[in-house]
Amino acid sequence: MQRILSIFLGVTLAAGLATGCAKQRIVAEKAVADALISDEQEEKIGLQVKQELEQKEKIQYVQDPAVLEYVNRIITPILQSANRDRKGVKWKINVINDAKTVNAFATPGGFLYVYTGLLLAADNEAEVAGVLAHEAGHVVGRHSARAMVNAYGLNALAELALGKNPGAAAQIAAQLVGGGAMLAHGRSEETEADEYGARYATAANYDPRGLISFFQKLQQRQGDTPGVLKWLSTHPTNADRIRHLEQYISQNGLKGTEVGADRLAPIKAKLGGK
Ligand SMILES: [Zn+2]
């Protein structure tokens with residue numbers, strides 16, 4: 001196993017990791033992630049990240065069953081589509097009780113986190129669905145695993161893969177949380193996640209333009225609420241991004257119809273919004 005691994009890594013390194021070309025490097029990092037990081041290892045890291053978030057960031061979860069059921073109802077059909085593109089992910093949905101933070105993210109192992117501040121910032125269900133489908137897209141694309149290759153290098157991940165260092169998963173998780181590496185993805189991965197997101201939201205019969213209107217909303221609020229718009233800070237939005245999404249939606253004939261403003265309103269009221 002070790003020999004095969006080192007031959008593979010040698011070839012991959014030569015092919016891409018060592019080059020200065022960003023695109024080739026991403027392809028190489030993806031190949032390394034696929035070879036080195038199994039679903040089980042991702043899950044282990046994801047679990048460690050969760051513990052880090054609970055201990056260091058002191059995140060608190062929503063307990064209200066109505067809110068949890070609401071989020072689950074939105075995301076269940078989205079994940080059914082995502083499961084067709086990547087098998088074996090054991091999704092875990094976490095709703096964080098923090099009305100002041102507009103954020104959602106995914107970590108290795110299919111852990112999805114959404115803040116109540118994001119539900120409050122959205123105007124309808126299609127916007128929430130758009131963000132959650134986008135985050136599921138990052139998991140399907142294994143973007144966190146690739147980022148780990150980039151951030152921790154081959155040695156740390158080879159140790160993890162070969163089981164040489166029992167503390168490797170915990171160390172990587174601590175660095176992921178501390179450095180925020182799990183939150184920021186490259187531009188090509190954002191585009192990929194936007195496309196997955198539009199498809200998954202549509203498959204769940206949501207209007208795929210929900211993500212566009214949410215981006216536009218956050219852009220407008222940029223500045224008046226510093227530090228609050230976390231999702232926008234990891235998801236830089238500009239005219240190109242929105243144009244690409246619009247084109248992707250029309251070229252692929254994505255025509256979900258559900259918007260669901262009436263269903264989000266009572267949940268926002270419960271959370272203390274208008
Ligand atoms: Zn993203």
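Let's begin where α4 and α13 meet: the two helices cross in a left-handed sense. Helix α4 covers residues 65-85 and helix α13 covers residues 261-270; they pack at an angle of about 145°, and their axes lie 10 Å apart. On the α4 side the contact is made by A66, V67, Y70 and R73, and on the α13 side by R263, L264, I267 and K270. Sorted by class, this contact has five nonpolar and three charged residues, with no polar ones. Please keep in mind that the model you are looking at is predicted.

Staying with α4, we can turn to another of its partners. Helix α6, residues 125-140, packs with α4 at an angle of about 35°, with 10 Å between the axes. Here the crossing is right-handed. From α4, the residues in contact are Y70, V71, R73, I74, I75, I78, L79, A82 and D85. They meet E125, V128, A129, L132, A133, A136 and V140 of α6.

Because R199 sits in helix α9 and D85 in helix α4, the pair ties together parts that are 114 residues apart in sequence. Across the structure there are 21 salt bridges. Side chains of opposite charge can pair when their charged atoms come close.

The largest share comes from α9, with four residues. What classes of residue does the lining of this pocket have? There are five charged residues, three polar ones and one nonpolar one.

Rolling a probe the size of a water molecule over the atoms shows where empty space is left. In this structure there are three cavities of 30 Å³ or more. The second largest cavity holds about 40 Å³ of space. Around it are E42, R86, T107, P108, G109, H138, V139, R142, H143, S144 and A145. The elements that give two or more residues to this lining are α6 and α7 (143-162), which brings us back to the α6 that packs with α4. The most comes from α7, which gives three residues. By class, the lining of the second largest cavity has five polar, three nonpolar and three charged residues.

Conventions: Residues numbered from 1 in each chain as written. Predicted model: local features only at pLDDT ≥ 70, side-chain atom pairs only at ≥ 80, totals over all residues. Heavy atoms only, no water. Nonpolar A, V, L, I, M, F, W, Y, C, P; charged D, E, K, R; others polar. Axes fitted to C-alpha atoms, helices over the stretch in contact; angles between N-to-C directions. Left-handed = near helix turned anticlockwise from the far one by under 90°. Contact = heavy atoms within 4.5 Å. Salt bridge = Lys/Arg side-chain N within 4 Å of Asp/Glu carboxyl O. 1 Å grid on protein atoms, 1.4 Å probe; cavity = no way out; pocket = protein on both sides within 12 Å on 5 of 7 lines; lining within 4 Å. Points joined across faces, edges and corners; volume = space filled by probe spheres on them.
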